[in-house]
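User: I have a protein to look at for class. Can you take me through it?

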Amino acid sequence: MSSSSVLTHFDGQGQAHMVDVAAKPATHRIAVAQGRIVMNPATLVLILAGSAKKGDVLGIARVAGIMAAKKTSDLIPLCHPLALTRVAIDFAATPATPAQAAGLAEGAKGVVTCSATVETVGPTGVEMEALSAVTVALLTIYDMCKAVDRGMTITDVKLMEKQGGKSGHFVASR
């Protein structure tokens, strides 16, 4: 097994431990994660119009994603607490076409894609922070809209890119 395929959160006896990063150099690290929430077309219309009962869905989801990135080490047991230098959450909406929204196309859905970019200068990467940010932002959208659409589906959450550190640059296949 190559050193890049070893599970680093286990010691020689197979016990879980927090990876020692003390000897690693501090480098600029960036991670980008993405995910989607699929919903009924009318739900997306409510979100985009800003008329959801609980308020500005995407604004609140953005803040929730930023908070999640900052709190990742409290959620994932073996993550290091990191001093993040940047967290950016972006949303892109893909509405159903007018014909789909009118119910003429079976299974038509609206989609909100969330992208999180997280940065730090430190000895370990920010992939988990970016993934946490996306997941919590999408969960917040679900929470704020569940009264009108309990069938929403969160899907395709994944690391899209990471830069910095010993393992170098990673870009996911689309």
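Analyst: What follows is a short walk through this predicted model, from the overall layout to single residues.

User: What holds paired strands together in general?

Analyst: Strands of a sheet pair through backbone hydrogen bonds, and the pairing can be parallel or antiparallel.

User: How many bridges join S1 to S3?

Analyst: There are 13 bridges between S1 and S3, which are antiparallel. One of the pairs to look for is Thr27 with its bridge partner Gly122 in S3.

User: And S1 with S4, how many bridges there?

Analyst: S1 and S4 are antiparallel too, with 8 bridges. Ala31 is opposite Lys162 of S4.

User: What about S2 and S3?

Analyst: That antiparallel pairing has 10 bridges. Ala93 has Val112 in S3 as its bridge partner.

User: Switching topic. Which residues have the most contacts inside the largest nonpolar core?

Analyst: Met39, Phe91, Val112 and Ile141 do, in a core of 29 residues. At least two core residues come from each of S1 (27-39), H1 (41-49), H2 (57-70), S2 (84-94), S3 (110-122) and H5 (127-145). H5 gives the most, with 8 residues.

User: You listed Val112. What does Val112 touch?

Analyst: Leaving out residues up to four places away in sequence, Val112 touches Gly35, Arg36, Ile37, Met39, Leu44, Leu58, Phe91, Ala92, Ala93, Leu138 and Ile141. Ala93 is also its bridge partner, as said above.

User: Now a helix residue. Where is Ala61, and is it buried or exposed?

Analyst: Ala61 sits in H2. Ala61 counts as buried because its relative accessible area is 0%, and the cut-off for buried is under 20%.

User: What is Ala61 in contact with?

Analyst: Apart from neighbours within four places in sequence, the contacts of Ala61 are Phe91, Ala137, Thr140 and Ile141. Take Ala137: along the chain it is 76 residues from Ala61, but their C-alpha atoms are 4.6 Å apart.

User: Why does Val157 count as partly exposed?

Analyst: Val157 has a relative accessibility of 33%, so it falls between the limits of 20% for buried and 50% for exposed.

User: And the totals for the whole protein?

Analyst: The accessible surface is about 9,900 Å², and carbon and sulfur atoms account for 58% of that. The protein has 174 residues, of which 36% count as buried.

Notes:
Residues numbered from 1 in each chain as written. Predicted model: local features only at pLDDT ≥ 70, side-chain atom pairs only at ≥ 80, totals over all residues. Heavy atoms only, no water. Core = buried A, V, L, I, M, F, W, Y, C linked by side-chain atoms within 4.5 Å. Buried < 20%, exposed > 50% of the residue type's maximum accessible area, 1.4 Å probe, protein only. Helix = DSSP H or I, 4+ residues; strand = E, 2+ residues; numbered from the N terminus. Contact = heavy atoms within 4.5 Å. Areas by Shrake-Rupley, 256 points an atom, 1.4 Å probe, with all protein chains shown as cover. Pairing = 2+ DSSP bridges.
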